[in-house]
Number of protein chains: 2
Amino acid sequence: MAALLPFTVTHKDPATSARAASLTTPHGVVETPAFMPVGTCGTVKGVAGWELDRLGPQMVLSNTYHLVLRPGVERMVQLGGIHRLMGWEGPILTDSGGYQVFSLAARRALTEDGVVFQSHIDGSMHSFSPESVVDAQADFGVDVAMVLDECLPFPVEPSAVDPSVDRTLRWARRALSRAEERREAGGWAGGLFGIQQGSVDPDIRRRCSDQLAAMAFDGYAIGGLAVGEPSEVLHEAVDFCAPMLPRERPRYLMGVGYPEDLLHAVACGVDLFDCVLPTRSARTGKAFTSRGEVVIKNARWADDDTPLDPDCGCPTCSRYSKGALRHFFISKEATSVVLLTIHNLYFFLSLMRGAREAIMAGRYGEYRDRIQSNRNMGLGD
Amino acid sequence: MAALLPFTVTHKDPATSARAASLTTPHGVVETPAFMPVGTCGTVKGVAGWELDRLGPQMVLSNTYHLVLRPGVERMVQLGGIHRLMGWEGPILTDSGGYQVFSLAARRALTEDGVVFQSHIDGSMHSFSPESVVDAQADFGVDVAMVLDECLPFPVEPSAVDPSVDRTLRWARRALSRAEERREAGGWAGGLFGIQQGSVDPDIRRRCSDQLAAMAFDGYAIGGLAVGEPSEVLHEAVDFCAPMLPRERPRYLMGVGYPEDLLHAVACGVDLFDCVLPTRSARTGKAFTSRGEVVIKNARWADDDTPLDPDCGCPTCSRYSKGALRHFFISKEATSVVLLTIHNLYFFLSLMRGAREAIMAGRYGEYRDRIQSNRNMGLGD
């Protein structure tokens, strides 16, 4: 079996379970805690690769589901793989597509072998198996691949959870075998993360974690959260889910979330995050700031000559006023999406950089409390 | 009367009327020939100010008509003027709005005093006079303002041209008086360009030029072209219009055009250009290249791992393949607009930089012929 991606926990916060660590991938070292910008279809929406370089994310995320449908695996290979497509030579993780098959596909049928589904783009039929999804990600040349899992909705019929988790575990085993074959065959040296499921049932989450931990995954994700449950439920679930996962491997909370959710999860020992929130919010004119959220179209900003966030060092804040950003947004100028996206990504990336520094200084709790109390001061909308 | 913006012709091509020159504005020196990217509503669509810095245009253009309607003159002042709004500290020229009143406004009524028109955005009524348009541009703090003119359609009833040009000339005189007042009052040190009109009638163009030349404008524009006439008509008109304008002042061909049109006009002694072509084409997936135009959605590019233009040094060509750009365009990703816009602007800016270098080397004709013959080779679509 090929060696796992090197992962070292370098600092532990004394008062919380927060930790600073580094994960070495074929395209560079990922320093954690880290937030991954989302580039669903092979590009972070509106952000050129050289802008991404300047923002300096530790890793970016793209989507197997979307890329398999378009441009397709063969074409991805022909075009030089995922790094060449994205115009980004840093670490890339791809979601397996499990979540998207359940949330986006027009129709789907689940069997022990995998899932057959209809494309949301053109209605064409496709199938995913645990093996085909690993193959696609290996063919793309990703740094971290994710196993195919079944993502349950919230709330869910309790009796449905156990059989679903059993299948997710059988799929995880098959995915890992295929990944080991691919790594041994050469040409791909990425890692594979397993995904813990089990809805919000601690016993099932525990059983799932224990069985995954017995398999040699490069990292472990918490899946099936941020699917519509209230914030308190999410936080409680992270409280018990995170410590179940092996401490000597990276922990990744999928699809989460608001700054407060990230700060909470870091305190629980989570290392990696991804979420469409900063990029999607930018497209609806919402900016995240150290003093709370700003809804840029609001009339109160029309004559405001100050930046979005007085404490922000991002390129948008360094040269654009809220009044200018509002004018661009109201005028439906693409520049407003570009400028707000860059600001929001900078905010999320800085939040995690700050968390890492605070952990290294042994003062994570203080950092979290200061950020949260500033954000509650209510400069925002 | 305040001094005119310094303008020096530094090189003349021996075989054509092409010239290299420099125009000094409050926000820097404009080296010509130069192409001005268009930022209609106060931003070059999809391009952040720092990207504009990297592209390095000599001057950018924005639109008085659009900015007066939204955000409005008072708000422009409150937001710190046009440079602060655009996030760009280099030279800015604004079109007077004459062209937009005639092409965009829902309704308009022309009088000797000016024009009353209805906003294409919300139907509100507005009026422009030669004086109000200078005031707006001075309030914005532009480096070069344009006079209000009447832009005739093509073709036009011949008997309509003389009276229209007479009014444009009276308006030019009034605009100049107001600009001189504003400069003497302090707080604004920009220049004002007059606009030659006269449809495609050489005698009327001559009369208009002579009368404008007797007024102390900082520069002279050729207006009323690129309004739908065939390319041969445009080229012939530039042939006779350009040399009529004072040689000791910058000449600006408004709203033109294709690379071939620019190369032709430079040979006639034109110094400045603006056009929406590179930015608007990007939004429809068309890229300008040294080998002709590329329509990125075409299936032939789907598996193409090479850049848009093998001879291009732009950031898009340095890291994205045609296949990737096609995938982003087909997927309706905003990144495709950003990447194609930057490529197209780079192409137009390089074209004019190359023209300037060729003029300085005394080999402009050769340069023009080489560019045109490469573009006719037909790598494009």
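Begin by selecting helices α9 and α10 of chain A, which count as roughly parallel to each other because angles under 35 degrees are classed as roughly parallel, over 145 as roughly antiparallel, 65 to 115 as roughly perpendicular and the rest as oblique. This is a predicted model, in which local features need pLDDT of at least 70, side-chain atom pairs count only at pLDDT 80 or more, and totals for chains, interfaces and linings use all residues. Residues are numbered from 1 along each chain as its sequence is written, while chains are lettered from A and ligands numbered from 1 in the order in which they are written.

**Stop 1: α9 and α10 of chain A**

Helix α9(A) covers residues 231-244 and α10(A) residues 259-267; their axes come within 9 Å and cross at roughly 25 degrees. Helices (H or I, at least four residues) and strands (E, at least two) are DSSP runs, numbered from the N terminus. Axes are lines fitted to C-alpha atoms, for helices over the stretch in contact, and angles run from 0 to 180 degrees between N-to-C directions. The crossing of α9(A) and α10(A) is right-handed; a crossing has this hand if the near helix is turned clockwise from the far one by less than a right angle, and is left-handed if anticlockwise.

Display Leu234(A), His235(A), Val238(A) and Ala242(A) on α9(A), then Asp261(A), His264(A) and Ala265(A) on α10(A), which together make the contact. Two residues are in contact if their C-beta atoms, placed from the backbone, lie within 7 Å. The contact residues of this pair divide into four nonpolar, two polar and one charged. In this division, Ala, Val, Leu, Ile, Met, Phe, Trp, Tyr, Cys and Pro count as nonpolar, Asp, Glu, Lys and Arg as charged, and the others, Gly among them, as polar.

**Stop 2: loops with particular backbone geometry**

Most residues other than glycine have a negative phi, and most peptide bonds are trans. Select Ala226(A), in the loop between β12 (219-222) and α9 of chain A. Its phi is near 55 degrees, a positive value in a residue other than glycine. Is Ala226(A) buried or exposed? Ala226(A) is buried, with 22 other C-beta atoms within 10 Å. A residue is buried if 20 or more other C-beta atoms lie within 10 Å of its own, exposed if 12 or fewer, and partly exposed in between, with C-beta atoms placed from the backbone. In chain B, Ala226(B) has a positive phi of about 55 degrees.

The peptide bond from Val256(A) to Gly257(A) is cis, with omega near 5 degrees. Another cis bond runs from Phe154(A) to Pro155(A), with omega near -5 degrees; Pro155(A) lies in the loop between β10 (144-146) and α7 (158-185) of chain A.

**Stop 3: Pro307 of chain A**

Select Pro307(A), in the loop between β16 (292-295) and α12 of chain A. Pro307(A) is buried, with 20 other C-beta atoms within 10 Å. Not counting residues up to four places away in sequence, Pro307(A) touches Cys312(A), Cys317(A), Tyr320(A), Ser321(A) and Lys322(A).

**Stop 4: α13 and α14**

In chain A, α13 and α14 pack at an angle of about 135 degrees, with their axes 7 Å apart. That angle makes α13(A) oblique to α14(A), and their crossing is left-handed. Show Leu325(A), Phe328(A) and Phe329(A) in α13(A), which meet Thr335(A), Ser336(A), Leu339(A) and Leu340(A) in α14(A). These contact residues comprise five nonpolar, two polar and no charged.

Switch to α13 of chain B, residues 322-330, where eight of the nine residues are buried. Those buried residues pack against α4 of chain A, together with β16 (292-295) and α14 (334-360) of chain B. Just after α13(B), Lys332(B) takes a positive phi of about 55 degrees.

**Stop 5: the two chains together**

Finally, display both chains: 36 residues of chain A are in contact with 36 residues of chain B. On chain A, the elements giving two or more residues to this side are α1 (49-55), α3 (73-78), α4 (81-86), α12 (315-319), α13 (322-330) and α14 (334-360). The largest share, five residues, comes from α14(A). The residues on this side of chain A divide into 16 nonpolar, 12 polar and eight charged.

Chain A can be laid on chain B with an RMSD of 0.0 Å by a turn of 180 degrees and a shift of 0.0 Å along the axis. That is the relation of a two-fold axis. The superposition is by least squares on the C-alpha atoms of residues with pLDDT of at least 70 in both copies. The same surface serves both copies, as 100% of the contact residues of chain A recur in chain B.
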